[in-house]
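Q: Hey, could you walk me through this one? I'd like to start with who touches whom, then zoom out.

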Amino acid sequence: MQLYINGEARRVEQIDSVADLIASLDLAGRRIAVEVNEAIVPRTRHTTTTLNEGDRVEIVHAIGGG
């Protein structure tokens with residue numbers, strides 16, 4: 001399946017959910033925000049939000065500061 005991740009076309013295999021994608025990118029456990037097709041996906045819905053061919057996914061890292 002082809003996804004657009006942070007604007008870059010990428011072919012991925014065996015990715016069914018946002019949680020699967022995050023794990024495949026070695027981002028599990030990190031402070032990130034995810035948006036699929038311009039809709040924010042809360043962390044509580046990462047396992048239940050499915051991905052489809054051509055979806056546009058934006059992933060940003062939360063950076064603390066003060």
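**Contacts, core and sheet**

Q: Leaving out residues up to four places away in sequence, what does Leu51 touch?
A: Leu51 touches Met1, Leu3, Ile15, Asp16, Ser17, Val18, Leu21, Val36 and Val57. Keep in mind that this is a predicted model.

Q: Okay, and which residues have the most contacts inside the largest nonpolar core?
A: Leu51 is one of them, together with Val18, Leu21, Val34, Val36, Val57 and Ile59. That core has 15 residues.

Q: Which helices or strands each supply at least two residues of this core?
A: Those are β1, α1, β3 and β5, where β5 covers residues 56-61.

Q: Let's zoom out. How many helices and strands are there in the protein?
A: You get one helix and five strands. Going along the sequence, the pattern reads β-β-α-β-β-β.

Q: What share of the 66 residues is buried?
A: Buried residues make up 29%.

Q: Now the strands. In what order do they sit in the sheet?
A: The order is β2-β1-β5-β3-β4. It's an open sheet of five strands with mixed pairing.

Q: Which strands stand at the edges?
A: β2 (8-11) and β4 (39-41) do. Each has a single partner strand, so one side of each is left without a neighbour in the sheet.

Q: By how much are neighbouring strands turned against each other?
A: By 35° on average, ignoring direction.

Q: Take β1 then. Does β1 run parallel or antiparallel to β2?
A: Antiparallel: four bridges join β1, which is residues 2-5, to β2. Tyr4 has Ala9 as its bridge partner in β2, and Leu3 has Arg10.

Q: And how do β1 and β5 run, parallel or antiparallel?
A: Parallel, with two bridges joining them. For Ile5, the bridge partner in β5 is Val57.

Q: Which side chains of β1 are buried?
A: Leu3 and Ile5, which point to one face.

Q: Switching topic: what's up with phi at Asn6?
A: Asn6 takes a positive phi near 50°. You'll find Asn6 in the hairpin of β1 and β2, which has two residues between the strands.

Q: Is Gln14 buried or exposed?
A: Exposed, because its relative accessible area is 77%, and anything over 50% counts as exposed.

Q: And Glu38, where does it lie?
A: Glu38 lies in the loop between β3 and β4. Phi of Glu38 is near 70°, a positive value in a residue other than glycine. At 74% relative accessibility, Glu38 counts as exposed.

Q: Last one: where is Ala33?
A: Ala33 is in strand β3, residues 32-36. Ala33 is partly exposed, with a relative accessible area of 37%.

Q: What does Ala33 touch, not counting residues up to four places away in sequence?
A: Ala33 touches Glu58, Ile59 and Val60. Ala33 and Glu58 are 25 residues apart in sequence, yet their C-alpha atoms are 8.1 Å apart in space.

Q: What share of contacts in the protein joins residues at least 24 apart?
A: It's 57%, among contacts between residues at least 6 apart in sequence.

Note on methods
Residues numbered from 1 in each chain as written. Predicted model: local features only at pLDDT ≥ 70, side-chain atom pairs only at ≥ 80, totals over all residues. Heavy atoms only, no water. Pairing = 2+ DSSP bridges. Axes fitted to C-alpha atoms, helices over the stretch in contact; angles between N-to-C directions. Buried < 20%, exposed > 50% of the residue type's maximum accessible area, 1.4 Å probe, protein only. Contact = heavy atoms within 4.5 Å. Core = buried A, V, L, I, M, F, W, Y, C linked by side-chain atoms within 4.5 Å.
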